[in-house]
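Here is a short briefing on one structure. Look through the sequence and the model, then read the notes by topic.

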Amino acid sequence: MISSVLPTYSRAPMTFVSGAGSWLTEADGRRFLDLGAGIAVNALGHAHPALVEALTTQAGQLWHTSNLYQIPQQQALADRLVENSFADTVFFTNSGTEACELAVKMARKHFYDKEQPERVEIITFDGAFHGRSAAGIAAAGSEKMTKGFGPLLGGFVHLPFDDQDALTAAITDKTCAIMVEPIQGEGGIRPLPDASLRGLRDLCDTHGLLLILDEVQCGVGRTGKLFAHEWTGITPDIMMVAKGIGGGFPLGCVLATENAASGMTAGTHGSTYGGNPLGCAVGCAVLDVVTDPAFLTEVTRKAGLLRQKLEGLVAGHPDVFEEVRGSGLMLGLKCKVAPGDVVNAGYAQEVITVPAADQVVRLVPPLTISDDEIAEAVKRLDAAAATLSTS
Ligand SMILES: *Cc1c(COP(=O)(O)O)cnc(C)c1O
């Protein structure tokens with residue numbers, strides 16, 4: 001008999017009842033060190049006092065009105081995002097894949113309104129992940145996500161990851177945009193080299209295309225900059241953000257330049273819940289913390305510490321691990337054994353990690369993780385790896 005919860009996830013046996021900082025607790029008191037952070041969502045850890053305060057204060061005042069009216073919390077968050085990024089304008093969603101939907105619509109509408117309606121194709125890359133909506137799975141294109149779901153939304157051209165020649169050859173007069181994650185998350189913590197991202201920007205400029213960055217996983221301080229593309233000096237035309245921006249409350253957004261967003265006039269897009277007072281109050285509280293340069297400097301310092309310890313872990317278990325990769329506090333351990341085995345061995349040591357594609361175990365801890373917790377986490381991963389060593 002089918003379970004009452006639709007069985008689309010194979011779940012680990014833990015049931016967490018509370019969380020504080022980098023720790024999750026089960027009903028019997030068993031505590032896990034959380035290097036998964038709800039898949040890079042709990043950017044400030046669990047039950048961060050400023051987020052609890054923002055949410056509960058707002059909850060006592062007003063939950064929902066509608067985008068038919070002015071929403072001051074939404075206005076404030078949009079202003080903050082515009083002040084702190086390339087963007088001129090922001091639309092709020094409840095998730096990453098809804099942000100993908102709008103990014104696709106916005107890019108196509110931009111060219112439609114410029115009397116180039118034939119420009120509908122968006123170039124995407126192997127290993128990409130843009131969520132599970134119809135546009136999201138069509139954009140990513142992997143059979144794992146699309147098989148059995150009928151006619152796919154058309155207009156996506158899938159290319160090998162980081163292959164400049166294939167890219168140049170694929171651009172036609174139907175191309176409207178290139179969509180890419182600066183660091184692939186689900187794809188296995190695969191960073192696009194900085195030079196390649198700059199190359200994409202150049203190609204877009206040369207051919208008059210829009211560059212869409214998916215920073216749903218790598219954004220909001222995770223790499224030590226507010227947004228990962230800031231390391232390269234280039235800016236996108238459109239950017240998808242979610243996960244960390246809500247710190248655990250469902251919140252996403254699309255940031256865009258005025259030019260890219262030019263087609264999105266009144267009535268062209270909408271959302272019942274997107275930009276509601278609760279989510280935006282929390283989003284503002286997240287940004288208060290994450291836009292502080294001292295906070296971002298700390299992320300980079302701690303990322304260096306974690307990376308250094310992970311290099312030691314890999315060196316100590318050459319039969320289990322191959323390499324450390326990634327950027328900031330978005331790191332991957334490429335494994336020689338099944339990554340699921342590493343994750344499960346970690347559970348036995350009460351440390352949480354997340355499997356990804358390409359034989360990788362992901363470490364995306366709260367950005368607030370302490371030095372002591374980093375040391376403890378790697379100690380636990382070391383114990384986990386020891387149980388997997390074949391030698
Ligand atoms: C998680 C993720 C998404 C989808 O976000 P949802 O909130 O699950 O819809 C899209 N893109 C990237 C890069 C992601 O990591």
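Strands β14 (residues 330-335) and β17 (residues 360-363) pair in the antiparallel sense over 4 bridges. Two strands count as paired if DSSP finds at least two bridges between them. Lys-334 stands opposite Val-360 in β17. This is a predicted model, in which local features need pLDDT of at least 70 and side-chain atom pairs count only at pLDDT 80 or more, while totals for chains, interfaces and linings use all residues. Residues are numbered from 1 along each chain as its sequence is written, and side-chain values use heavy atoms, leaving out hydrogens and water.

**The sheet and its helix**

- β14 and β17 belong to an open sheet of 4 strands, with the order β13-β14-β17-β16 and antiparallel pairing.
- β13 (321-327) and β16 (354-356) stand at the edges with a single partner strand each, so one side of each has no neighbour in the sheet.
- Neighbouring strands of this sheet are turned by 30 degrees against each other on average, direction ignored.
- Helix α10 (residues 293-316) lies across β13, β14 and β17, and runs at about 170 degrees to β13.
- Helices (H or I, at least four residues) and strands (E, at least two) are DSSP runs, numbered from the N terminus.
- Axes are lines fitted to C-alpha atoms, for helices over the stretch in contact (heavy atoms within 4.5 Å); angles run from 0 to 180 degrees between N-to-C directions.

**Nonpolar cores**

- The largest nonpolar core has 82 residues. Such a core is a set of buried (under 20% relative accessible area, 1.4 Å probe, protein chains only) Ala, Val, Leu, Ile, Met, Phe, Trp, Tyr and Cys residues joined through side-chain atoms within 4.5 Å.
- Leu-81, Leu-255 and Leu-310 have the most contacts inside the largest core.
- Leu-255 touches residues including Phe-86, Val-90, Phe-227 and Met-239.

- The whole structure holds 2 cavities of 30 Å³ or more. On a 1 Å grid over the protein atoms alone, a cavity is a set of points where a 1.4 Å probe fits but cannot get out.
- The largest cavity has a volume of about 60 Å³; a volume is the space filled by probe spheres set on the points, which are joined across faces, edges and corners.
- Lining residues have an atom within 4 Å of a point; those of the largest cavity include Phe-125, Phe-161 and Leu-200.
- α7 (164-170) and α8 (194-207) are the elements that give two or more residues to this lining.

How values were computed:
Buried means under 20% relative accessible area, exposed over 50%, partly exposed in between (1.4 Å probe, protein chains only). On a 1 Å grid over the protein atoms alone, a cavity is a set of points where a 1.4 Å probe fits but cannot get out, and a pocket is an open set with protein on both sides within 12 Å along at least five of seven lines; lining residues have an atom within 4 Å of a point. Lists of a residue's contacts leave out its neighbours within four places in sequence.
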